[in-house]
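Here are my notes for anyone opening this model without having seen it before. Have the viewer ready and follow the points in order.

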Amino acid sequence: MSDLKAMYSTLQEDPFPQDMTITLGDQTLRFVKRTWTIDGQVKGLRYGENPDQPAAIYQMVEGGLTLNGVRFRGPGQGLVSALTEDHLVQSGKHPGKTNLTDVDNGLNILQYLMDKPAAVILKHNNPCGAAWSDHGLAKAFEKAHFSDRIAAFGGAVVVNRTLDLATAEQIASAFFEVVAAPHYEPAALALLKTKKNLRLLAIPGIADLAALAGQPFLDVKSLMDGGVVVQFSFRNAVRHAKDFLPAQATNKAGETVVARAPSPQEAEDLLFAWAVEAGVTSNSVIFVKDGATVGIGTGEQDRVGVVNLTIHKAYTKYADLLAFTRLGLSLYELRDKAATDAQAAETLAAIEAETQEAKGGLAGSALVSDGFFPFRDGVDLALAQGVTAIAQPGGSIRDFEVVQAVNQATPQAAMVFTGQRSFRH
């Protein structure tokens, strides 16, 4: 067993060259491999996605790319790839590929959420909880953490404001692998440094994320045959509530249906959820309430299936939070105890009943979908949980039926179209 554990602490030899050049037509981009001197040793990435995969990270240092008159992100705009020893406030076991790509996806989401203090917690390159708040970073983190504290275990925390002591105290009370912030208050940093294996990253450029939001980067996908697909990165076209389109559709008989417009609070939740959606693996849906995720469904093959699974996740997380805040036990620990303890069984039954009554916290929530609804079944499932507003791309041949679904709900639910899809493979 000790030999198996050792693979996670063994550094992979880095065979990659110091320089990398990409030439697209007559435009050249030059990259330099990022390494750090830690404890007197020069170290690159700990390893790749798995411990037996050597890996390297490169920062663009020269050149630039313009296509169809659109200027891509380039030198001088580095964030994760530009981290130096000074930015590795505490390197812990020093980062591997998955640590840094989780942080990168957190920045990908936060670039659209800079208007308020916000926190995103990520695992396996998907957000497991996200929130923003008018009441400061600590409240945003609390909401993000409690939206799915089970999935957050061992995750990466990324915030868009200076990390203060109140937020640090919450982070220190749980287990995380990485924390990234633009800056740290001295007291917050001192507290977090007591977690010796916690990787602490200071990325000042987070404060300027909003300036990058409309500018694409060159998105490169490698194929198993060694080929590559290049594309413009996704750019969120819905940055304000006014950017949503009215949900309306006409059937073959010439009948037109128009959905109710969302209230200001519903519109803000839909706007927040659509920003988080930019960092979620498709096929996905997100339930949001009061500026925090309630359920995030990722990577499913069918739309109604991901709605169903996300509802199940929300119920589980809601019950777990009740068990944890009242008893200091996870839902699974309580279930185990209830098997032999009558009082624990009674408590579990009460928590499960309360969860059912609250519909797992989904009642009054808003829902976004990264792709259109091909049938109304997914919408009907969400409405049955008390969802009051939905945003989705639109464009299905069954849009008429889908809009009808929210119009037929009691009370009538709202729906808007985003006019763009947000798939992320």
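1. Let's begin with helix 9 and its neighbour. Leu-331, Leu-334, Arg-335, Lys-337 and Ala-338 in helix 9 touch Ala-344, Ala-345, Leu-348, Ile-351 and Glu-352 in helix 10. Contact here is heavy atoms within 4.5 Å. By class, these residues are seven nonpolar, no polar and three charged. For the classes, Ala, Val, Leu, Ile, Met, Phe, Trp, Tyr, Cys and Pro are nonpolar, Asp, Glu, Lys and Arg are charged, and the others, Gly among them, are polar.

2. A word on what you're looking at: this is a predicted model, where local features need pLDDT of at least 70 and side-chain atom pairs count only at pLDDT 80 or more, while totals for chains, interfaces and linings use all residues. Residues are numbered from 1 along each chain as its sequence is written, and side-chain values use heavy atoms, leaving out hydrogens and water. Helices (H or I, at least four residues) and strands (E, at least two) are DSSP runs, numbered from the N terminus.

3. Back to that pair: the axes of helix 9 and helix 10 (residues 342-357) come within 8 Å and cross at roughly 135°. That makes helix 9 oblique to helix 10. Axes are lines fitted to C-alpha atoms, for helices over the stretch in contact, and angles run from 0 to 180 degrees between N-to-C directions. Under 35 degrees is roughly parallel, over 145 roughly antiparallel, 65 to 115 roughly perpendicular, and the rest oblique.

4. Helix 9 (residues 331-338) also packs on helix 8, at an angle of about 75° and with the axes 8 Å apart. That makes helix 8 roughly perpendicular to helix 9. On the helix 8 side, Thr-316, Ala-319, Asp-320, Ala-323 and Leu-327 meet Leu-331, Tyr-332 and Leu-334 of helix 9. This contact has six nonpolar residues, one polar and one charged.

5. Next, look at helix 3 (residues 137-146) and helix 5 (residues 165-172), whose axes come within 8 Å and cross at roughly 25°. That makes helix 3 roughly parallel to helix 5. Leu-137, Ala-138, Phe-141 and Glu-142 from helix 3 meet Ala-166, Thr-167, Gln-170 and Ile-171 from helix 5. Five of the contact residues are nonpolar, two polar and one charged.

6. Most residues other than glycine have a negative phi, and most peptide bonds are trans. A cis bond joins Ser-282 and Asn-283, with omega about 0°, and Asn-283 sits in the loop between helix 7 (264-277) and strand 19 (285-289). The bond from Thr-410 to Pro-411 is cis too, with omega near -5°; Pro-411 lies in the loop between helix 12 (399-408) and strand 23 (414-417).

7. Finally, have a look at His-124, which has a positive phi of about 55° although it is not a glycine. His-124 belongs to the loop between strand 9 (118-123) and strand 10 (126-132).
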